[in-house]
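My notebook is open, and I am looking things up one at a time. Come along and check each entry against the picture.

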Amino acid sequence: LKYLARVPQEPIHPSRMQDFGGASGAATHMNIDHADSLLAFAHYYLPREMGVNRAEMTDATPEGIHMRVFTKNDNGEGKKVFIPYPAGHNVSHARCLRKVTVAMHAEALEGLGRLYRLRFYARKRPFQYAIFACSVVIMILTIVAYMIGIQSVP
C-alpha cells in the first residue's frame, strides 16, 4: 500500500537535524547524489495531480522525510511536504536512514511500474540504456524476420 504523505498547510516545524544526528549531511547527499530517487518518492507517495517535476530533501526526523517539491505552476517556490517512513522501519538515528531510503526507493520504483523504471534508469545510465534499447530492437527485428521467413516458405 502507498503511505499517505501530508502536504502541510502550515510551515514545517524547525529542523531537528541536530537532535537526529547527521541528517543534514544525509539530506545534502540525497539532493546531490540521489535526486532521481527523491523525485520517485514524490511521484509515488504524493498525489499524482500535484504534478511534481523536482524534489529536494530538506530534513529527516525519526518519523519521516521532509521535502520541498516543485511543480510547473509554483513559480520556483516549491511546496513543503512530509513523507512518513514505511511501517516496520525504526529510524532512531540518521545512520538508519540509508536502510529505509533504499527500501522506499525500491518500493517507489516497483509501485510506479516498468515504464517509470525504464525512464528512471535511462536518466541514470544512458549508455547502458542505449545498449539495452538497441538489443531490444535487434530482437524484435529478428523475430519479425523469422516470422516473415516462415510465412514465405511454400
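**Entry: Tyr 45.** I began with Tyr 45, which counts as buried because its relative accessibility is 3%. Here buried means under 20% relative accessible area, exposed means over 50%, and partly exposed lies in between, with a 1.4 Å probe and protein chains only. I noted that this is a predicted model, where local features need pLDDT of at least 70 and side-chain atom pairs count only at pLDDT 80 or more, while totals for chains, interfaces and linings use all residues. Residues are numbered from 1 along each chain as its sequence is written, and side-chain values use heavy atoms, with hydrogens and water left out.

**Entry: the rings.** Next I looked for aromatic pairs: rings of Phe, Tyr and Trp (its six-membered ring) whose centres lie within 6.5 Å, called stacked if the planes are under 30 degrees apart, edge-to-face if over 60 and tilted for the rest. I found two aromatic pairs by this rule. In one, Phe 41 and Tyr 45 sit edge-to-face, at 6.2 Å centre to centre with 70 degrees between the planes. Tyr 44 and Tyr 45 have ring centres 4.9 Å apart and planes at 80 degrees, so this pair is edge-to-face too. Phe 41, Tyr 44 and Tyr 45 form one aromatic cluster. Is Tyr 44 buried or exposed? Tyr 44 is buried, at a relative accessible area of 9%.

**Entry: along the helix.** Phe 41 and Tyr 45 are four residues apart in helix H3, which puts about one helical turn between them. Helices (H or I, at least four residues) and strands (E, at least two) are DSSP runs, numbered from the N terminus. How many of the eleven residues of H3 are buried? I read off nine, so H3 is largely enclosed by the rest of the structure. Among them are Asp 36, Ser 37 and Leu 38.

**Entry: H3 against H4.** Helix H3 (residues 35-45) packs with helix H4 (residues 97-112) at an angle of about 60 degrees, and their axes are 9 Å apart. That makes H3 oblique to H4, since angles under 35 degrees count as roughly parallel, over 145 as roughly antiparallel, 65 to 115 as roughly perpendicular and the rest as oblique. The axes are lines fitted to C-alpha atoms, for helices over the stretch in contact, and angles run from 0 to 180 degrees between N-to-C directions. Residues that make the contact include Phe 41, Tyr 44 and Tyr 45 of H3 and Met 104, His 105 and Leu 109 of H4. Contact means heavy atoms within 4.5 Å.

**Entry: Met 104.** I then followed Met 104, which lies in helix H4. Met 104 is buried, with a relative accessible area of 0%. Which residues is Met 104 in contact with, leaving aside its neighbours within four places in sequence? I listed Phe 41, Tyr 45, Ile 65, Ile 83, Pro 84, Tyr 85 and Pro 86. Met 104 and Tyr 44 are 60 residues apart along the chain, with their C-alpha atoms separated by 9.6 Å.

**Entry: the whole chain.** Last, I stepped back and found six helices and three strands in the protein chain. Their pattern along the sequence is α-α-α-β-β-β-α-α-α. Of the 154 residues, 34% are buried.
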